[in-house]
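Here are my notes for a first look at this one. Have the picture open while you read, and go through the points in order.

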Amino acid sequence: MEVVKEYPLSNRFPEMPLLSAANAKKHPDLIPFAFGHPAKESFDIPLLSQSAVSALQLDGPKALQYSGGEGPDHVVNWIQRRSKHVSIVVDKPNILVTAGSMQAIDLATRTLTDPGDHVWVEAPTFFGAIRQFSLAEVKISSIPIDENGLMTDKLESKLKEAVKNNIPIPKFIYVMPNYHNPTGVCLSIERRKKLAELAYEYNFYVLEDDAYVELCFSGEKLPSIYSFGPKRVIYLSTFSKTIAPGIRMGWAIADDDVIIQRMKMLKSDGSTSVFVQEIISHFLGEVKFENHMNRINDLYCARKEAMVDIVKEYFGEEVTFTEPEGGFFLWLTFPKEINTSEFASDALLRGVSFIESKFFYVDAAETNHIRLSFTFTNEEEIQKGVQRIAESYYRYKKSIEVLNEV
């Protein structure tokens with residue numbers, strides 16, 4: 001029998017902890033507030049089925065070739081038109097369709113940076129982006145946010161300090177301007193303008209991840225950061241939140257032809273699933289998109305309001321939060337001395353999952369928050385889930401009080 005020797009794998013993989021909810025599927029009857037998933041009710045199954053059949057019957061062999069039929073052009077045309085809703089006017093060659101927005105983040109990161117370069121993010125920020133930047137072997141720093149998004153005054157101070165002390169300026173700053181993941185806040189217009197101004201002044205890029213832009217409960221969309229600084233912004237969005245995440249389709253927009261061409265060179269899979277683009281082309285051609293989004297937003301707004309009411313009922317003044325006007329998430333802030341990781345496992349045993357705050361920070365600096373998704377579960381499940389989290393929290397809090405008395 002041959003002895004299998006230990007094989008040295010790549011060293012590029014960062015040491016990152018698994019999410020507490022990673023084993024959530026092992027719990028039957030779990031209420032998964034940890035899942036940042038759309039509601040199953042949001043999927044237009046009949047129209048998607050019809051669109052798939054149309055892609056095969058009407059487009060035939062073309063839909064199954066490497067380049068596809070007319071579908072990819074139709075998808076880009078739709079993105080070009082729809083982008084005007086956030087004040088983006090762009091030529092079609094400056095739009096790149098990707099396999100989800102995560103591929104767009106990866107392509108943009110590898111286009112703009114080399115290992116050892118500096119990237120700045122919001123604090124907190126999307127843990128998937130942190131992981132992507134870590135794999136790119138860049139140095140990550142963070143800038144705090146408040147109820148109006150990225151604190152551009154803090155950003156400007158840090159940039160000035162970097163120049164003064166001969167510290168590298170970031171190659172880009174990663175920002176989620178609308179219904180931020182995890183906090184749900186929106187970047188104000190004034191700060192969008194200021195961020196674009198700073199990008200030009202200090203010569204860095206802004207990676208504008210606008211995944212949740214269509215999930216707007218008020219109906220009012222703010223102009224994109226891109227609209228204030230197109231030469232220094234790469235805009236990203238996705239169909240994951242509006243059609244279905246399983247189609248794995250997003251896009252990137254950049255005014256600089258060189259950026260898009262470099263991203264295309266790095267996109268080793270070639271054209272993004274042309275057959276899926278054929279299906280989405282038929283879907284977009286038939287759907288009344290505003291009605292489609294109104295239906296989804298009405299559903300999510302009702303679930304958000306239910307969660308807000310129940311959180312207030314069970315937690316009272318124990319938590320604070322900014323009530324989101326869109327998106328997927330509610331971000332609860334507990335007293336400073338609370339470590340939400342300490343009762344995440346107990347909550348999971350009770351049949352409810354959430355993601356604790358340590359996963360949303362580069363340095364795990366703040367431990368007193370949790371992210372709850374209100375989109376995937378119905379009102380009855382929201383009621384039960386929040387109650388279970390409250391039971392775990394108050395049990396944990398009591399144990400702290402007992403320890404302090406000893």
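1. A word on terms before the strands: two strands pair if DSSP finds at least two bridges between them, and helices (H or I, at least four residues) and strands (E, at least two) are DSSP runs numbered from the N terminus. In this sense I173 has V206 in β7 as its bridge partner. The two strands involved, β6 (residues 172-175) and β7 (residues 205-209), run parallel and share four bridges.

2. Keep in mind that this is a predicted model, where local features need pLDDT of at least 70 and side-chain atom pairs count only at pLDDT 80 or more, while totals for chains, interfaces and linings use all residues. Residues are numbered from 1 along each chain as its sequence is written, and side-chain values use heavy atoms, with hydrogens and water left out.

3. Now zoom out to the sheet. Eight strands make an open sheet with mixed pairing, in the order β2-β9-β8-β7-β6-β3-β4-β5. At its edges sit β2 (95-98) and β5 (149-150), each pairing on one side only. Helix α7 (residues 257-266) packs on this sheet and touches β2, β7, β8 (233-238) and β9 (250-254), contact being heavy atoms within 4.5 Å.

4. Next, look at helix α9 (residues 289-315). Its 27 residues reach 38 Å from first C-alpha to last, close to the 39 Å expected, where the expected span is 1.5 Å times one less than the number of residues. After α9 comes G316, with a positive phi near 55°.

5. How many salt bridges does the structure hold? There are 18, a salt bridge being a side-chain nitrogen of Lys or Arg within 4 Å of a carboxyl oxygen of Asp or Glu. One of them joins E290 and R82 at 2.6 Å, N to O. E290 is in α9 and R82 in helix α2 (residues 71-82), so this pair ties together parts 208 residues apart in sequence. R82, E214, K221 and E290 are also linked in a network of salt bridges.

6. Is K304 buried or exposed? Buried means under 20% relative accessible area, exposed over 50%, and partly exposed in between (1.4 Å probe, protein chains only). K304 is buried, at 3%. Its side chain meets that of E323 in a salt bridge of 2.8 Å, N to O. E323 lies in the loop between α9 and β10 (329-333) and K304 in α9, so the pair ties together parts 19 residues apart in sequence. E323 itself is partly exposed, at 32%.

Technical notes. Axes fitted to C-alpha atoms, helices over the stretch in contact; angles between N-to-C directions.
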